[in-house]
Amino acid sequence: MTTTPLRIAVLGIGMMGLPMARRLSEAGHRVHAWNRTRAKAEPLAQWGVTVHGSPADAAKDADIVISLLENGPVVGQVLFEQGAARAMRPGALFIDMASIQPSEARDHAARLGELGLTHLDAPVSGGTVGAEAGTLAIMAGGRPEDYVRAQPVFACLGHATHVGPHGAGQLAKLANQMIVGITIGAVAEALLFAAKGGADMAKVREAISGGFADSRILQLHGQRMVERDFAPRGRMAVQLKDMRNALATARETGFDAPITALFEALYAEGVDHGLGELDHSGLFVELASRNAMQ
């Protein structure tokens with residue numbers, strides 16, 4: 001039980017939002033939840049979470065409101081069109097843990113500021129495994145004093161780092177997703193290359209573990225590729241969204257990102273071929289198909 005329980009609203013109860021809301025409730029906070037499809041939030045009631053029919057009802061009187069919504073436009077709609085921002089009490093803190101564009105995060109921060117509210121963009125990495133275990137990597141952008149206010153939340157969910165002003169958290173998440181998406185492609189192509197030449201894919205993965213090519217991607221996603229286990233933990237369609245957000249931000253800043261552009265095209269082809277609901281390691285399936293290795 002925490003010594004200073006907070007009233008926390010969680011908006012968006014999906015694969016990440018459900019375990020994160022549960023952890024906050026188990027830590028002793030008074031958690032209120034809303035999801036567009038209410039049935040997805042209802043299981044949280046067994047952990048003492050109050051489920052609401054609207055985002056405004058969930059956000060009312062909250063000390064901290066957390067967003068785990070699909071994208072930037074949806075965050076803006078829930079905040080400013082569905083009444084969540086107006087329902088928040090003066091001085092309340094909005095923590096956007098969704099992955100959106102940095103420019104959208106800066107815009108939301110400015111609009112919330114005009115309403116007397118504070119803002120952090122704090123996207124996460126670690127997937128559903130990290131959400132359930134409370135080991136997420138949290139990249140926070142915003143004012144240092146608001147980052148300090150958010151510590152009781154972050155302590156329940158993982159390890160947080162303050163990386164700069166509004167929008168910087170989203171920049172860090174995009175950098176993370178660039179590395180993840182590109183490395184998944186590298187691991188998939190390398191394992192398929194070895195298998196095409198007659199090597200045992202599982203043994204190749206084992207052989208290069210511990211060397212310079214080792215990584216969490218090789219360990220976790222490489223194992224999924226060996227086992228052909230593409231049940232979604234992080235979906236291909238979401239990885240594509242993140243790559244596209246990275247490229248949009250690169251254009252805004254005048255940065256040339258040719259490697260990300262190449263992999264954006266590969267993920268897009270996979271999604272076009274019906275793979276969007278697979279785990280993002282499912283890029284392996286797209287590359288295998290190209291090489292007639294299904």
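Biologist: How many helices and strands does the secondary structure of the protein come to?

Modeller: The model is predicted, and its helices and strands are numbered from the N terminus. The count for the protein is 15 helices and nine strands.

Biologist: Which radius of gyration does the protein have, and why does it agree or disagree with a compact globule?

Modeller: The C-alpha trace spans about 65 × 45 × 35 Å along its principal axes. For 294 residues, a compact globule would have a radius of gyration near 19 Å.

Biologist: Is Ser281 buried or exposed?

Modeller: Ser281 lies in the loop between α14 (258-275) and α15 (283-290). Leaving aside neighbours within four places in sequence, Ser281 is in contact with Ile184, His221, Arg224, Met225, Asp229 and Phe230. A residue counts as buried under 20% relative accessible area. Ser281 has a relative accessible area of 0%, so Ser281 is buried.

Biologist: With which side chain does the side chain of Ser281 make a polar contact?

Modeller: A polar contact requires a pair of N or O atoms within 3.5 Å. For the side chain of Ser281 the distance is 2.6 Å, and the partner is the side chain of Asp279.

Notes: Residues numbered from 1 in each chain as written. Predicted model: local features only at pLDDT ≥ 70, side-chain atom pairs only at ≥ 80, totals over all residues. Heavy atoms only, no water. Helix = DSSP H or I, 4+ residues; strand = E, 2+ residues; numbered from the N terminus. Rg over C-alpha atoms; globule rule 2.2 N^0.38 Å. Buried < 20%, exposed > 50% of the residue type's maximum accessible area, 1.4 Å probe, protein only. Polar contact = N/O pair within 3.5 Å; in protein donor to acceptor, adjacent residues only side chain to side chain. Contact = heavy atoms within 4.5 Å.
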